Each structure stands twice: as C-alpha cells, then as structure tokens.
Amino acid sequence: MIKVRERPVTHWLPITKKEVEMRGWEDVDVVIVSGDAYVDHPSFGTAVIGRIMESEGFRVAVIPQPNWQDDLRDFKKFGKPKYFFGVTAGCMDSMVNHYTANKRRRSDDSYTPGGEAGFRPDYATTVYTKILKELYPDVPVLIGGIEASLRRVTHYDYWADKLFPSILADSGADMLVYGMGEQPLREILRLVQKGVPLESIKDVNQISYLEDTTEEVRSYKGWNTIELSSHEDCLKDKIKYASNFKLVEVESNKWQANRLTQKVGGKTLVINPPFVTMTEQEMDKSFDMPYTRLPHPKYKKRGPIPAYEMIKFSVNMHRGCFGGCSFCTISAHQGKFIASRSQESIMKEVDELTKHPDFKGYLSDLGGPSANMYRMKGKDESICAKCQAPSCIHPVICSNLDTSHNPLTEIYRKVDEHPDVKKAFVGSGIRYDLLVDDFNKNNEDGNHDEYMEQLVTRHVSGRLKVAPEHTADNTLKVMRKPSFKHFRKFKEKYDDIQDKHGLKQPLIPYFISSHPGCEEADMANLAAETKDMGFKLEQVQDFTPTPMTVATVIYYAGVHPYTLQPIKTVKTREEKQTQNKYFFWWKNDMRGWIKSRLNKLGRPDLAKQLLAHPVKTERKEFSEGRPPKRKKDNTPIQGGTPSKKKKTFKKKKGWA
C-alpha cells in the first residue's frame, strides 16, 4: 500500500497552477471555488462534485478558501475556465458556520486546517460569485451546496433579521443546483460538452434560474407550474411568505413535483422539480470514485482539519431523512426519501479504511443523517409516489413504511466479522422512536429488538446519542417529534438490555430551548422531568433559525405555515437566555434565580422539585455539549467545535 506521505500530489484534484501543469494541462474546463479546505473524501461536497466532473471527462481544478480581501489573485490563478465556475460556501451555511444562536462570532472553523477562523466571508456563495462575475463577466457561474440550496427562494436570514430574495438574485449566478447535486450535475455536464451554453439550460430537474421577464415563462417536460407570492409581496405580508414555504416544502418532497416560479425584482425565479431519489447503483457510483479520502497535502503544516478528523474512520451508509423535524434542514437538502448504498459498496469502503496507515482497528461511525434509517422505504412505493406529507413518522408512523432494521443489523455483523476491525461504533444519532413498539407498530417480526440488542452490546462507544429534543407535548407537536413518553419507554428498554449484559453506557439526550411553541414553564418542566430521570444536562442547543425550516418560518412570521395559526416564539436575547438557564438547575449560582423566577410564574412546585437534592441513580447519566447537527455524509447543519484563541490574519501566508 502507498503510504500517505508517498502519494503523489496528482492523486488529488489540482489546487495550484503548478499541479495543473504537472498533469500536462494548458487550461481547465471547470474551476470550483469552495469555502472549505479541500478534503478529497465523499463526505465533502467539493470532492464529490469534482470527482463527478472528472469522471465525465472534464479537467477540473479547485480554489479552496480563496482570499477575498486582497488583490484577488487566488480567483485568477487558473485563468478563465472553458465552461463555467462552480461555487459553494462549503459543507455549512457560512452564517451558521460563523455565528452562534446568540449571534456571537465563532473563534473557530471545523473545515479549515488547525480549526482556524477567518478563511471564508459571511454569505460566502454571494461574495465569491460577485467577485468572479466582476473578474470574468462572460463566464457562467453555477452555484450549489447547502447555503445555495436552502436560500434558493425568498428566505428569512436570522443574522440580518430580514427576508432575502433568492440567492440567485443577490449573487448574480447563472444557475443554482439544489439538494444533493449528482443527478442534475451529470446532465448539465453532458449538455455543456455538446456545446449547450450553461445559461441556456432550462429543462434539467433540480436546478433553479432567473428569467429576465415577468411574463409567463416557457414550460418543459409537461411540468405543471405553481406560482409563489412574489418576493416583494412577501416583504409586505408575512402570511404570504409563510404560505410560500408550505408549497416549497411539499414540492421538494414529492416524487412527481410541480415546477415553482416567483417574481423577484422584475425577473422570474424558476425552480424545476427535483429528481426522484437516487438508486442504490447511483449512490454506489458516487461513493466508489477514486477519492484519496485525505486532505490535500498542502495543509500538512497547518494542522488537522477538525471536520475531517471527526469522520475519517466513519462510513456514511445512506442519505435523506423522513423525520421532517421542524428545526432541521436535512430533508430540505437531502430529501425525505432514503437513498442507500449497497452492502458491497459499504464493505468496500470498510476495507479501504482498514488500510489507512493511522487505522487502529476502530470505526467511529456506521451511520447516516439518522443512524437507523438504512434501506427504509415504502412497502408499496406507488403510495409513496402520491404522498405529500413532509414526514413519514409524524404525527404517527405511516403503515406503509417498512421500518425493518434487518439490513442494518446484517451490515453491523458483517463489519464485526472483518478481521481488521476490532470495534465499529454508531456515532450518528439514533432515531429512538423507530425502536419503541408503542409508537412504531411495524415491528412485525421483532427485528427492532434484535437490532437494539446488537447495537447496545456491540456498537456503543461509551454512550448513545438520542434526540428527544423536548418534554412538552405542545412544543414537540410543533417540532414534529413524538411525545416524551416514548423516550421514557425507549430508556426502559435500553436500560433492560444494559442490565442484562452488565453494561454502563449512558444515554446522551439532546434538547432544544427557545423553540417556537415553547413557553418558559415548559423549560422548567423539561428540567424537572430530566432531573427525575437522572440526567444532568450541562450544555444544550438554543434554537437557531436557519433558512428553509418550518421553525424558522414560525419564528419570523409568527404563524405555522401549514395552518397559518399563531404560535408564540421567544425572540429577544434575554428571553432565549432565560429559557436556556433552566438546563443548569444543578449549578449553585442558579438556585436563587430559579426559585424567584418560578415563584413569579406561580410554579413554586417546580422550584421545589428542581432545587431538592438530586435523586441518586444506579448509573451516572449526563449530557455533553451538543455537537453540530449533521447530514452524516457529515455535512453539519449548525454548530461548531470547541473554541480556541482567536487569531488575526495579517499575512497572505496560508491562503489557498
């Protein structure tokens, strides 16, 4: 095997002019500009897109984290590409990457060597695109990635506290690919190879573009068109903005979706219907390309890339999530329907990981956006083809959903049998409600129990992550999460298995404060209930409104987009901090505050419950700080890594 240090730099896509020349190229076909450092791994979008272009015969180069504040030499180093520039902010929305829920600037960046902050701008997609349009006005720009995808239509921006139009209007890009881009990208590449200008492509699924007209735009492929309220109308009327969101979410999750249009600034935004979910063969093709699965050698002296270190010995087995949680963007970007890899492709990746020179026998994760949704789909997919529900498991689990865990259990066992694997853990969050028989009536052959036994006894790395998110039924309903009573049932089942095998592996439950629909008393109840269960919650997630979620629409518009009924949401920093404080009932300096606050709310009973001495439990259970929410191709949705001392960059050294 070739050791990492012996790999020729030509094993990576080129990121310097010298590397282009080493390949014997005089110019390139496509240049990708990314807000992330370049890691050649299928968990990183730039690598996937670059390898797809390469597989279609394109000469592609990457400009990772260009300096946008100097003479812009990074943007010029490859000159003008033959076909187009591709632009992405990276694996996270740049604003989520940069700011906390309280709008404080983060001092680190998980997608930069050494975890250093300051290597990408706010609103990175727009900034990069505007620079390219100024430097090369005659070269088309194609934008994609999670930032572009979730900002494709009128959206609320929490950090600016206002509605923004489609990112196409703000950036000046020629085309946007939304969602996971493999399928539309391959069609686009084949068309431009045939000589079709990028800006002339209008009939590919899962793309969006602007037409220079407010008249009716031409239809393709027999698509029906639904017109959304204009951006200008949304600015005047929050209800119209909320109503738009419902249409966008419904059409994003349909097999046979309609085309959407929206007037914005004298133009018409067109959003073509998405592709049907990727097949197993298409998924395998995407994951089986010749990735080095390593960061580019240029970063060797700058320190490790935290996001890569987290996933370098993990295996992503599927995409998508049918949970439809109100605060989460996974289904908005990856889709509601699960796209799974074949067992052969997964085991091939396990083989490759075991040959890594740093591999010590431990796989950190066999997972996905939700660890236990692998190969789950409709029993009768003709029913799924007509479905418009945003979730397959809320308010109840669909009777047509095949929730068998047998394929997943089989993979766990095959990995366990691998001679070079000592242990394979499940680091992704488990969707616990799928394993509770009172909630999931589809456990016909008891396979859920078999899976859970296998999981708890073989694949828990000290603790297991689950996400009840709240305890109050009214808040959970808004979240599209099941009643907390089902979490109690799951914990009983989990504890029984642990007791049976003499294990002490605490559950790590995640909770959110300040979510739409959550009252202050609900947070006090949450603290009391979790205390009684033996949990001491140390750091938790404060709700952050991100584009393209139900919860964000409620936060801004004050109504639920499906019912248009008012829902109360706390908004001020003081209100948000008040709710968050209840998590820390166990701190001595909080006791006086809690007693005074709950007495004012007329709930001295809760004050007494919270401030009484903690109940001793058989096993110590706790929660650590909530890590970034992730699509477990490991693209985070929000969050960061432990902060470091902030550094200021005064020199160009270290820029791509």
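The model is predicted: local features need pLDDT of at least 70, side-chain atom pairs count only at pLDDT 80 or more, and totals for chains, interfaces and linings use all residues. Residues are numbered from 1 along each chain as its sequence is written, and side-chain values use heavy atoms, with hydrogens and water left out.

## Overall fold

The protein contains 24 helices and 28 strands; these are DSSP runs numbered from the N terminus, with helices being H or I of at least four residues and strands E of at least two. Its radius of gyration is 25 Å, close to the 26 Å given by the globule rule for 656 residues, so the protein is as compact as a globular protein of that length. The radius is taken over C-alpha atoms, and the rule is 2.2 Å times the number of residues to the power 0.38. Along the principal axes, the C-alpha atoms fill a box of roughly 70 × 60 × 55 Å.

Of the 656 residues, 61% are buried. Buried means under 20% relative accessible area, exposed means over 50%, and partly exposed lies in between (1.4 Å probe, protein chains only). The protein exposes about 26,200 Å², of which carbon and sulfur atoms supply 49%; accessible areas come from the Shrake-Rupley method with a 1.4 Å probe.

Among contacts with a separation of 6 or more, 77% join residues 24 or more positions apart, where contact means heavy atoms within 4.5 Å. The protein has 103 positive and 86 negative charges, and their mean positions are 5 Å apart. Lys and Arg count as positive and Asp and Glu as negative, while His and the chain ends are not counted. Each charge is placed at NZ of Lys, CZ of Arg, CG of Asp or CD of Glu.

## Aromatic pairs

There are 23 aromatic pairs in the structure. Rings of Phe, Tyr and Trp (its six-membered ring) pair if their centres lie within 6.5 Å; planes under 30 degrees apart count as stacked, over 60 as edge-to-face and the rest as tilted.

One of the pairs is F58 with Y83, whose ring centres are 5.2 Å apart and whose planes meet at 55°, so the pair is tilted. It links distant parts of the chain, 25 residues apart: F58 is in the loop between α2 (45–55) and β3 (60–64), and Y83 is in the loop between α3 (73–76) and β4 (84–88). F58 and Y83 are both buried.

Y362 and F425 form a stacked pair, with 6.4 Å centre to centre and 5° between the planes. This pair also links distant parts of the chain, 63 residues apart: Y362 is in strand β17 (residues 362–363), and F425 is in the loop between β21 (423–424) and α17 (447–458). Y362 is partly exposed at 41% relative accessibility, whereas F425 is buried at 16%.

Ring pairs also join Y156, Y158, W159, Y241, F543, Y555 and Y556 into a cluster.

| Residue | Relative accessible area |
|---|---|
| Y582 | 0% |
| L598 | 0% |
| K576 | 2% |

Y582 lies in the loop between α22 (573–581) and α23 (591–600). Not counting residues up to four places away in sequence, Y582 touches E520, M523, A524, A527, W593, R597, L598, L601 and L610. Its C-alpha atom is 6.0 Å from that of A527, 55 residues away along the chain.

L598 is placed in helix α23. With the residues up to four places away left out, its contacts include A524, Y582 and L610. L598 and E520 are 78 residues apart in sequence, with their C-alpha atoms 9.3 Å apart.

K576 lies in helix α22. Beyond four places in sequence, K576 is in contact with A101, N102, Y158, S514, D542, F543, V570 and K571. Two of these residues, Y158 and F543, belong to the ring cluster described above.

## Backbone exceptions

Most residues other than glycine have a negative phi, and most peptide bonds are trans. The peptide bond from H394 to P395 is cis, with omega near 5°; P395 is in the loop between α15 (381–384) and β20 (401–402).

K103, which is not a glycine, has a positive phi of about 65°. K103 lies in the loop between α4 (94–98) and α5 (124–135) and is partly exposed at 34% relative accessibility. E469 also has a positive phi, near 70°. E469 is in strand β22 (residues 464–469) and is buried at 2% relative accessibility.
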